[in-house]
Amino acid sequence: MRFFSPVVPLLKGWLLSFAGFGLLAWALGSQFVLATEQPWTEAARMGVRDWLPWAVLAPLLFRLALRLPVLRGNMRWTLPVHLLCCVATLAACEWWAAMIPSGSRGPGPRPSIQHSERSPRAAGEPERRGRHGPPSRKRGPSLGLLFLVGLRLPVYLAIISIGHAAHFYQRSQDRERRALELGASLARARVEALKMQLQPHFLFNALNSIAELVHRDAHAADAMIGALSDLLRLTLETSGEQELPLRRELDVVERYLAIEQVRFQERLSVKMEIAPETAAALVPNFLLQPLVENALRHGLQAQTEPGLLTVISRRDGDSLRIEVTDNGVGLREGAPSREGIGLSNTRARLRELYGDRASLELRSDQGVQVIVTLPFRTTP
């Protein structure tokens, strides 16, 4: 298979080369036949003589320019290589043209023998000319060199230029792809760093809650430890995923609420309003838990009366809208709005993953409402 990998592009190049130069030879041959009334065989002979070598050599020259371009850093050794290749190519084309026999004139007026040729014997002239006879009609070396350089060199330079253009385009595409891959890697690294910052924060808060109950209610503390182990196991199972369906994210939230339910007892009520079509929607991993934890610790824990936590999801056109609302103490009027680790990291993760297509909005009326809007997408 390694042998065929470089051969297949070369075969494709020859196919395109023969098609292109064949079309060019046909167009020029048609003009020649219409202008001179020569037969098509003469046009075909000229096409084979002038363009067949280029059809064979063009893919090789293209790959030479693509793999060995003349650049500022390697000009010392690539330029001599290209000059030698140019001389060899032009010499090969000239050799091929000399190998093709001259064609006979086709139909049309032929000059009379009496006007075009004179018999030396009929004219009374000697059969052999002296050394000072009329000059030869053969093409001189200067005219041959002019034809060799003036007509074939532009074709060679055009092929080499196309190869260099393809090289620079391929290099720019590689740079752009590497830049995109680097940007994506950096974005993933930032998101992972933010997520890793959230998880220890959540774990420390859960352990503090357990520590508060150890001496007051050992049975409740034991139940919280069991629920925490289930939550950690589920978190580890999804730790490598950037996005996951909303139903799996709700599993994490339910296990976290099972821990907090032990601590709040009857003071906590939870209401879930999840639209069925949103259950398969993709959301960032570990999105809801920080929002729910924020509502419990800063909204419902500070009040003595029973609290209600509501989680709502619905589709709004091409967007997914998630609301986490509590009826707690709300934000103090006139107090500076400071976001903790949960809200600030969630906002940063949304910005890294979705840019301007996602948002996090904080409202406070009776309690606090956090509204997350992100593109509605599902797994393929």
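This is a predicted model: local features need pLDDT of at least 70, side-chain atom pairs count only at pLDDT 80 or more; totals for chains, interfaces and linings use all residues.

Trainee: How many helices and strands does the protein chain have?
Mentor: The protein chain has nine helices and seven strands.

Trainee: Why are α2 and α3 called roughly antiparallel?
Mentor: Helix α2 (residues 40-67) and helix α3 (residues 75-99) pack at about 160°, with axes 9 Å apart. Axes are lines fitted to C-alpha atoms, for helices over the stretch in contact, and angles run from 0 to 180 degrees between N-to-C directions. Angles under 35 degrees count as roughly parallel, over 145 as roughly antiparallel, 65 to 115 as roughly perpendicular and the rest as oblique. α2 and α3 are therefore roughly antiparallel.

Trainee: Which residues make the contact of α2 with α3?
Mentor: On α2 they include W54 and L57, and on α3 they include H82 and W96; contact means heavy atoms within 4.5 Å. By class, this contact has 13 nonpolar, two polar and one charged residues. Ala, Val, Leu, Ile, Met, Phe, Trp, Tyr, Cys and Pro count as nonpolar, Asp, Glu, Lys and Arg as charged, and the others, Gly among them, as polar.

Trainee: What makes α7 and α8 parallel or antiparallel?
Mentor: Helix α7 (residues 246-264) and helix α8 (residues 288-300) pack at about 25°, with axes 9 Å apart. By the angle rule, α7 and α8 are therefore roughly parallel. Their contact has 10 nonpolar, one polar and five charged residues.

Trainee: What makes R377 and E243 a salt bridge?
Mentor: The closest N and O atoms of R377 and E243 are 2.5 Å apart, and the rule asks for a side-chain nitrogen of Lys or Arg within 4 Å of a carboxyl oxygen of Asp or Glu. R377 lies in the segment after β7 (367-375) and E243 in strand β1 (residues 243-245), so the pair ties together parts that are 134 residues apart in sequence. By this rule the count comes to nine salt bridges.

Trainee: Why is R377 called partly exposed?
Mentor: Buried means under 20% relative accessible area, exposed over 50%, and partly exposed in between, with a 1.4 Å probe and protein chains only. R377 has 33%, so R377 is partly exposed. E243, at 22%, is therefore partly exposed too.

Trainee: Are R321 and E323, which meet in a salt bridge, buried or exposed?
Mentor: R321 and E323 are both buried, and their N to O distance is 2.7 Å. Salt bridges that share partners join R314, R321 and E323 into one network.

Trainee: Where is F286, and why is F286 called buried?
Mentor: F286 is in the loop between β3 (282-284) and α8. Its relative accessibility is 2%, so F286 counts as buried. F286 also has a positive phi of about 65° although it is not a glycine.

Conventions: Residues are numbered from 1 along each chain as its sequence is written. Side-chain values use heavy atoms; hydrogens and water are left out. Helices (H or I, at least four residues) and strands (E, at least two) are DSSP runs, numbered from the N terminus.
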